[in-house]
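The sequence and the structure are shown first.

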Amino acid sequence: AVKSTENTTIHLYHNGADEVLAEFTMQPDWHISWSNPGDVGQPTEVTSANSEVEVAAQSIPTARTIYDIMHEYLYENTVFYLLKVNNLDEAEITFNFVECNDVCKPESLTFQLAKIAASDDKIWNILQSKAQSTFPQKITLTSPVGENLLTFDADTPLYFAPTKKDIIDEMSIEVEPTESGVNVRWQSDRPQQLKQALIVTSYNAYLVDIVYKNKLSKMLLY
C-alpha cells in the first residue's frame, strides 16, 4: 500500500503476522524529524487504533547544527520504521509528521492493514534486509546509580541523543575522550531517568538501552 502527501510518500508492508515495515521517501530538499526532533521541529509519531503498536526499530537520523548552538535530528531521502502490531487484522496505523523545507507543514497518513495484502517471503526478506542496513545496532550500557555517566570504547567525534525530547537537559550533554575510551555525562531536569539514547560514531550507530546499577560496567563498541 502507498500513500503520499505533496512531499512525502509512505509504502507500507506487513508479513501477515505481527510485523509492519514503513518506507518513507521524501522529495529532494525536504525532511521530516526523528522521534527526538532536537531544538526545532516536531517528532514523527506512530499511533494505532484497535491494536497496540511498538516502534521496534527506526533508521538512524542525520544530526545537523543550526547557528552553532541548535541541534536537529532529521530524516531525508529514504528511511524505514519497523513496527510490532498485536492485532494486525484490525489495526489502523497513523503516521503523524511535519515535512519541512523553507516552510513546515504538519501531515498525517492512515493505513488500514486489513486492506493490505501480506508481502510474500522473498519480498519481505529483501525489504527487511534493506531496512536493517539503516537501523542502529542495539546494545546495553550501564550507568552508576546516582550518576548519569556512560563509559565505553569508541571513536570521537560522536553524537549522543536521547530518543525522546525533554527527558533530560540536552544542553548539559558532555562527551569527554579519555585514555580508556569515552565518557558521556548529562543532567536531568526531573527525577525521570534517561532509559534510551542513540550514539553515532564515524563508523557505527548504536541504540543504547541504559541500565542503572551500583557497579559500572564498560562495553567495547566495535
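Contact means heavy atoms within 4.5 Å. Helices (H or I, at least four residues) and strands (E, at least two) are DSSP runs, numbered from the N terminus. The model is predicted: local features need pLDDT of at least 70, side-chain atom pairs count only at pLDDT 80 or more, and totals for chains, interfaces and linings use all residues. Residues are numbered from 1 along each chain as its sequence is written, and side-chain values use heavy atoms, with hydrogens and water left out.

**Helix H1**

Burial is defined by relative accessible area with a 1.4 Å probe, protein chains only: buried is under 20%, exposed over 50%, partly exposed in between.

| Class | Residues of H1 |
|---|---|
| Buried (under 20%) | Trp 124, Leu 127, Gln 128, Ala 131 |
| Exposed (over 50%) | Lys 122, Asn 125, Ile 126, Ser 129 |

The buried residues of H1 pack against strands E2 (8–14), E3 (19–26) and E9 (78–85).

**Disulfide**

One disulfide (cysteine sulfur atoms within 2.5 Å) is found in a search of the whole structure. The bond joins Cys 100 to Cys 104, with an S to S distance of 2.1 Å. Its S-S torsion is about 120°, so the disulfide is right-handed. Cys 100 is buried, at 7% relative accessible area.
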